[in-house]
Amino acid sequence: MQIVPAPFDHPDARKLNDLVLQEYALRYGDPEGDATPLDPSMFQPPRGLYVLAYDDEQRPVATGGWRSRDAARGPDEEDENYADGDAELKRMFVLPEARGQGLARRILALLEQDAREAGRTRMVLETGLKQPEAIALYTSEGYKPAPAKFGHYRFHEESRCFAKPLRRTV
């Protein structure tokens with residue numbers, strides 16, 4: 001497996017993004033899948049990173065990214081409960097045939113390291129109750145329930161928010 005940086009609007013990224021949205025739609029019964037507004041510029045270094053994983057035949061099999069998030073600064077900004085220094089994990093997805101090989105853990109570790117190097121202090125993510133394997137992955141990697149829900153789905157009952165400090169303690 002090879003994990004490489006890619007633009008969020010890369011054709012392979014769009015293909016996998018469509019598949020993850022289909023999976024969300026199936027699990028949650030919402031045809032939109034995930035309505036979180038995302039723009040390719042959000043994943044451009046140093047304010048974010050998006051990666052694609054390719055198998056040995058150079059087929060795209062997984063994605064993941066992070067984007068910078070900070071507290072709202074004024075009345076024109078919607079307060080989604082982010083804190084200064086947050087890096088938000090987005091579009092973590094592994095094709096069913098590539099699951100069970102530790103690929104999501106590898107992508108997660110790479111994204112955490114990149115966000116840390118970019119000066120972000122906390123990785124945050126939102127997932128849902130109908131994604132128990134995602135919750136299991138994140139909690140096994142040290143993520144804890146966030147003190148307050150954040151992001152686009154913060155008012156949804158099925159939404160679960162998690163956070164993990166990125167600073168290394170001495």
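**Sheet, helices and aromatic pairs in a predicted model**

Modeller: In this predicted model, helix H2 (residues 103-117) lies across S1, S2, S3, S4, S5 and S7 and runs at about 25° to S3.

Colleague: What makes S1 and strand S6 (144-145) edge strands?

Modeller: The open sheet has 7 strands in the order S1-S2-S3-S4-S5-S7-S6, with mixed pairing. S1 and S6 each pair on one side only, and they are the edge strands.

Colleague: How do you know that strand S5 (residues 122-128) and strand S7 (residues 159-165) are paired?

Modeller: Pairing requires at least two bridges. There are 7 bridges between S5 and S7, so the two strands count as paired, and they run antiparallel. Among the residues involved, Leu125 has Phe162 in S7 as its bridge partner.

Colleague: Why is the pair of Phe8 and Tyr50 called edge-to-face?

Modeller: The structure holds 5 aromatic pairs. In the pair of Phe8 and Tyr50, the ring centres lie 5.0 Å apart, which is within 6.5 Å, and the planes stand at 90°, which is over 60; therefore the pair is edge-to-face. Phe8 lies in the loop between strand S1 (2-5) and helix H1 (11-28), whereas Tyr50 belongs to strand S2 (residues 48-54), 42 residues apart, and the pair thus links distant parts of the chain. Both residues are buried. Together with Phe43, Phe8 and Tyr50 form one aromatic cluster.

Colleague: What makes Tyr138 and Tyr143 an edge-to-face pair?

Modeller: Their centres are 5.7 Å apart, within the 6.5 Å limit, and their planes make 65°, over the 60 required; the pair is therefore edge-to-face. Tyr138 and Tyr143 are both buried.

Note on methods
Residues numbered from 1 in each chain as written. Predicted model: local features only at pLDDT ≥ 70, side-chain atom pairs only at ≥ 80, totals over all residues. Heavy atoms only, no water. Phe/Tyr/Trp six-rings, centres within 6.5 Å; stacked < 30°, edge-to-face > 60°. Helix = DSSP H or I, 4+ residues; strand = E, 2+ residues; numbered from the N terminus. Buried < 20%, exposed > 50% of the residue type's maximum accessible area, 1.4 Å probe, protein only. Contact = heavy atoms within 4.5 Å. Axes fitted to C-alpha atoms, helices over the stretch in contact; angles between N-to-C directions.
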